Amino acid sequence: MNFKIDKTDGNARACTLKTAHSTIQTPIFMPVGTLGAVKSLDAIDLKEILDTKIILANTYHLYLRPTSKVVREFGGLHGFSKFDRSFLTDSGGFQAFSLSKISKPDENGIKFKSHIDGSTHYFTPKSVLDTQYDLRSDIMMILDDLVALPASFERVELSIKRTINWAKIASEYHKSNKQKGVGESQNIFGIIQGGTDYNARKFCAEALCEMEFDGLAIGGLSVGESNEEMYDTVEAVMPFIDKDRPRYLMGVGTPEDLVENVERGVDMFDCVMPTRNARNGTLFTSFGKVNIKAAAFIKDDNKIDPQCDCYTCRNFSRGYLNHLYKARELTFFRLASLHNLHYYLNLVKQMREAIMQGKFKEFKKEFYAKRGVL
């Protein structure tokens, strides 16, 4: 991986990140392709219509089905999905934590039961990397010990202890494997835990910065805390994260979350929100959210957002989308997802342009003004 900072504006950063499969300009939003596919879209949609440079796939789900060994037979995720740009794969720890009826972390890993058939499995810092070696993702997330918030001081302390120990194991294992010719073009990111506790976040960040990670992520947020607590935590931990590596805020979030956290120095984001909301009839626009199900749109011949030039807005009306949704026509999922993802990808592109011009404050002010928030 090659990473460089192109421009800063306050704490906001515009950077360039190069992997074996694509060049990624930050700030960047990564569409979530849990099963190796962004729901309702294919590789052609992602490349030719959205010009997506990187998507996220899920280690837990692909490990269970079709299994990483099957994906490896197709040449990894790139050959399997035909999306030949960059993939980031998470460690699967969050899904083991959130989806399993019985999830039991211990000092060595996480024991869990499959949500598909109830079979028992065990993730360790080494095993999740082995799975991701099969997937051949460009960026691999290491196993961490996630806790839901609010959490006791004791549980947060245990979380960062495990996370740091597992990070050491993962870092050394990846280094050893690369020397053997395994995962040579793959990169690993460490994950900073610590809840909303300043000292815990500081301790974890400093420990991980001493290790040979290609990038660093902030995990364990947007899991029960308020938006202000999330923003304050990101702002507090930033001084302790190496500025010369990409910074990734995991699982966040709304357009407002992206703007607020880019201002605090975050480079990379992912979230299911744009595609999940699209399927439920909520569309993002420059002036806020639109509920396309509303009766007011039945005869509306306008496009979703007058300032949007996405494929959907160029070709279809609010009235048509209202009809597709109410008729439960599957075409709606694709058109709505294309719109919402275009909105997110255009938002980060606009933020990058503002940073490059030294006008991020002006951009943020205008962003909120359009929403009626001064």
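**View 1. The largest pocket is lined by 39 residues, with F94, Q95, G251, D270 and V272 lying nearest its centre.** Elements that give two or more residues to this lining are β5 (54-58), α5 (93-99) and α11 (273-279). Here helices (H or I, at least four residues) and strands (E, at least two) are DSSP runs, numbered from the N terminus. The largest pocket has a volume of about 930 Å³, and its lining divides into 16 nonpolar, 16 polar and 7 charged residues. A pocket is found on a 1 Å grid over the protein atoms alone, as an open set of points where a 1.4 Å probe fits, with protein on both sides within 12 Å along at least five of seven lines; lining residues have an atom within 4 Å of a point. Grid points are joined across faces, edges and corners, and a volume is the space filled by probe spheres set on the points. For the classes, Ala, Val, Leu, Ile, Met, Phe, Trp, Tyr, Cys and Pro count as nonpolar, Asp, Glu, Lys and Arg as charged, and the others, Gly among them, as polar.

A note for all views: this is a predicted model, in which local features need pLDDT of at least 70 and side-chain atom pairs count only at pLDDT 80 or more, while totals for chains, interfaces and linings use all residues. Residues are numbered from 1 along each chain as its sequence is written, and side-chain values use heavy atoms, with hydrogens and water left out.

**View 2. The second largest pocket has a volume of about 530 Å³.** Closest to its centre, among the 22 residues that line it, are L50, D51, L345, N346 and K349. At least two lining residues each come from β3, α12 (311-315) and α14 (331-356); α14 gives the largest share, with 8 residues. By class, this second lining has 10 nonpolar, 5 polar and 7 charged residues.

**View 3. Three strands make an open, antiparallel sheet in the order β1-β2-β3.** At the edges stand β1 (2-9) and β3 (23-25), each with a single partner strand, so one side of each has no neighbour in the sheet. From one strand to the next, the twist averages 10°. Two strands pair if DSSP finds at least two bridges between them; β1 and β2 (residues 12-18) pair in the antiparallel sense over 7 bridges. To find your place on the strands, look for I5, whose bridge partner in β2 is C15.

**View 4. Helices α7 (residues 153-179) and α8 (residues 198-209) have axes that come within 10 Å and cross at roughly 5°.** The two helices are therefore roughly parallel to each other, a label for angles under 35 degrees. Axes are lines fitted to C-alpha atoms, for helices over the stretch in contact, and angles run from 0 to 180 degrees between N-to-C directions. From α7, the contact uses V156, I160, T163, I164 and A167, and from α8 it uses A200, F203, C204, A207 and L208. Contact means heavy atoms within 4.5 Å.

View 5. Most residues other than glycine have a negative phi, and most peptide bonds are trans.

Notes:
Angles under 35 degrees count as roughly parallel, over 145 as roughly antiparallel, 65 to 115 as roughly perpendicular and the rest as oblique.
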